Amino acid sequence: MTIFRPSPISASFPSPPHGVGRRACYTDFFPRKRTQMTAASASDPRPSLAGATRAELGDALRAIEIPEREIRMRVSQLWHWIYFRGAREFSEMLNISKVVRGKLAERFTLALPEIAAEQVSTDGTRKWLLRLDPVDANDKGAEIECVYIPESDRGTLCVSSQVGCTLNCSFCHTGTQKLVRNLTTREIVAQLLVARSRLGDFPGLEPPTDGLVPSGPDVRAVSNIVFMGMGEPLYNLEQVENAIEIMSDGDGLSLSKRRITVSTSGVVPQIEKLGAECGPMLAISLHAVRDPLRNELVPLNKKYPIRELLDACRDYPGASNARRITFEYVMLKGVNDSPAEARELVRLLKGIPAKINLIPFNPWPGAPYECSDWETIERFSDIVFNAGYASPVRTPRGRDILAACGQLKSETEKLRARARLAVE
Ligand code: SAH
Ligand code: SF4
C-alpha cells in the first residue's frame, strides 16, 4: 500500500472563511490488536462473503450443505460476525462449530478490496483508492475512490456507486472518466467495511494513532453515508438499494436511513422508485436555475429538464420538513452565481421541503471553471437564507489530496491521462 503525502494543488481557490487548519499528518499505521483486514486477492478463487446480502449468505450455507432448518439461524450468526463485529476470518466466529467454520473457509473468504493507496489530508479527510477484484476474464481489475470526512459531530463516508460515470457533467472530474462498470452490492458495502476497519471502528480494533479520527465510548467514526463519490447511484439503483438495506440493518451496521443520503444528477424516473422501495435521504445536484445553463453543466438535463426534476422532488415519498431534500448548488464564478439566480432558486423550490447546500467549486487539473469569490458566495447564501432556507456553504474538505466533491478519479485513469499528455 502506498501512502501519499498531500501536495499543494496548482489551481487557485479562495480560502474557506472558517479555516480547516490542522497540521498535515501522514500515517503508516497498523495499530490493530485484532487481525488486520484481509485483502482480496485476484489469485484467490474463493468468493468473499463480506458485503453479502442475507440471501447470498443463505446460498453460501447451502453450498456447504448446512441443513435447510438451520439456515436462518446460521445466516443470523454470520450476519452478526460480519456486520456487527467486523470479522475478517471465519476462525473468529467462536459460536460457530469448528467444522462449519472450516467448511466456510474452504469455499469462501471475508476479504475486502485491497487498499492500493491511502492519503490523509491536512484537515483529517482520508481518501482510499480501492482495487476491486476482476469480475470476469476481460476485467483487468478496476479502482474506486472512497473518502472519509471527520467533523466535530459526525464522520461522513462518501462512497462510490460506479467506476467512472456516463454523465459528463462539465465541472466534474469523475465525468471525464468514462464508465467502466457498475459496482456490485458487495463492492458498495465493502467501502464501509474497509473504512470502519481502517478507522478502528469495530470492536477490538484500534483507531489510527494520528488523533484525526473522532473517538470515545459512544462515538461512531462513521455516522453518515453519502453516495457522492464516483458515479450516478440512480443508474445502479438495485445494487445501491441492496447496499443501503445492508448498511441500515439494525442487527449489523445499523446506520439509520436518515443518515444515508443518495445524491443524483436528476434521473427522474428512478427518484420515485428509490423513495418507495428504500427511502434514504435524497440530494439533487441542481447547479443551475434555467434549462439552457443546466443543459451545459449537467447534460442529463436535456432528457429530464428542471421542471420534471422538481416535480419528482415534490412527489418524493417520505419528504417532509423533518426529512428535507438537499439541493446541491456548485458555485462557479461568473456562470451561475448572480443574485438573480439566487432569487430564482428560491422561487423554484417553493413548496418543496428543501435545504440548499452551496458547494464551492473544487478545482481539478484542466477544469474549465473557477470557484466564485467568497463575497459572491456569501451574497448568494444570504438571499437563500433570508428566504427561509438553511443554506450552509459546504467547507471544502481534502482538497490537498483531490478528495473533495467532484475531484475523484481513479489513479490508473490519472496515470493514463498523464502518460497520454507526455506522449502528446
Ligand atoms: N452523480 C451524483 C453523485 C456524485 S457527484 C451526482 O451528480 O449527484 C457528488 C456531488 O459533487 C454532486 O452534487 C456533484 O454535482 C458535485 N460535484 C461534482 N464535481 C464537483 C466539483 N468539481 N466541485 C464541487 N462539487 C462537485
Ligand atoms: Fe457523474 Fe455526478 Fe460527476 Fe455528473 S456530477 S459526472 S453525474 S459523478
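Which of the 22 residues around ligand 1 come nearest? They are Gly231, Ser263, Ser285, His287 and Asn362. A residue counts as near a molecule or strand if one of its heavy atoms lies within 4 Å of it.

Some housekeeping before I go on. This is a predicted model, where local features need pLDDT of at least 70 and side-chain atom pairs count only at pLDDT 80 or more, while totals for chains, interfaces and linings use all residues. Residues are numbered from 1 along each chain as its sequence is written, chains are lettered from A and ligands numbered from 1 in the order in which they are written, and side-chain values use heavy atoms, with hydrogens and water left out.

Back to the ligand. By class, its shell has 11 nonpolar, 9 polar and 2 charged residues. In that scheme Ala, Val, Leu, Ile, Met, Phe, Trp, Tyr, Cys and Pro are nonpolar, Asp, Glu, Lys and Arg are charged, and the others, Gly among them, are polar. Three strands, β9 (260-264), β11 (325-331) and β12 (354-360), each supply at least two residues of the shell around ligand 1. Helices (H or I, at least four residues) and strands (E, at least two) are DSSP runs, numbered from the N terminus.

Now the polar contacts, meaning pairs of N or O atoms within 3.5 Å; within protein, one must be able to donate a hydrogen and the other to accept it, and residues adjacent in sequence count only if both atoms are side-chain atoms. Serine 263 places a polar side-chain atom 2.6 Å from an oxygen atom of ligand 1. Threonine 264 has a polar backbone atom 3.5 Å from an oxygen atom of the ligand. At asparagine 362, a backbone N or O atom lies 2.9 Å from a nitrogen atom of ligand 1. Taken alone, the ligand exposes 530 Å², and the protein buries 96% of that. Those areas come from the Shrake-Rupley method with a 1.4 Å probe; for residues, only the protein chains shown count as cover.

Next, the rings. The whole structure has 3 aromatic pairs. Rings of Phe, Tyr and Trp (its six-membered ring) pair if their centres lie within 6.5 Å; planes under 30 degrees apart are stacked, over 60 edge-to-face, and the rest tilted. One of the pairs is tryptophan 79 with tyrosine 83, edge-to-face, at 4.6 Å centre to centre and 65° between the planes. Both lie in helix α2 (residues 68-84), 4 residues apart, about one turn of the helix.

Buried means under 20% relative accessible area, exposed over 50%, and partly exposed in between (1.4 Å probe, protein chains only). Phenylalanine 361 and tyrosine 369 also pair edge-to-face, 6.1 Å centre to centre with 80° between the planes. Both of those residues are buried.

Last, two residues with backbone angles to note. Most residues other than glycine have a negative phi. Glutamate 65, not a glycine, has a positive phi of about 65°. Its place is in the loop between α1 (54-63) and α2, and glutamate 65 counts as exposed because its relative accessibility is 67%. Asparagine 168 also has a positive phi, about 50°. That residue sits in the loop between β6 (162-163) and β7 (181-182), and at 45% relative accessibility asparagine 168 counts as partly exposed.
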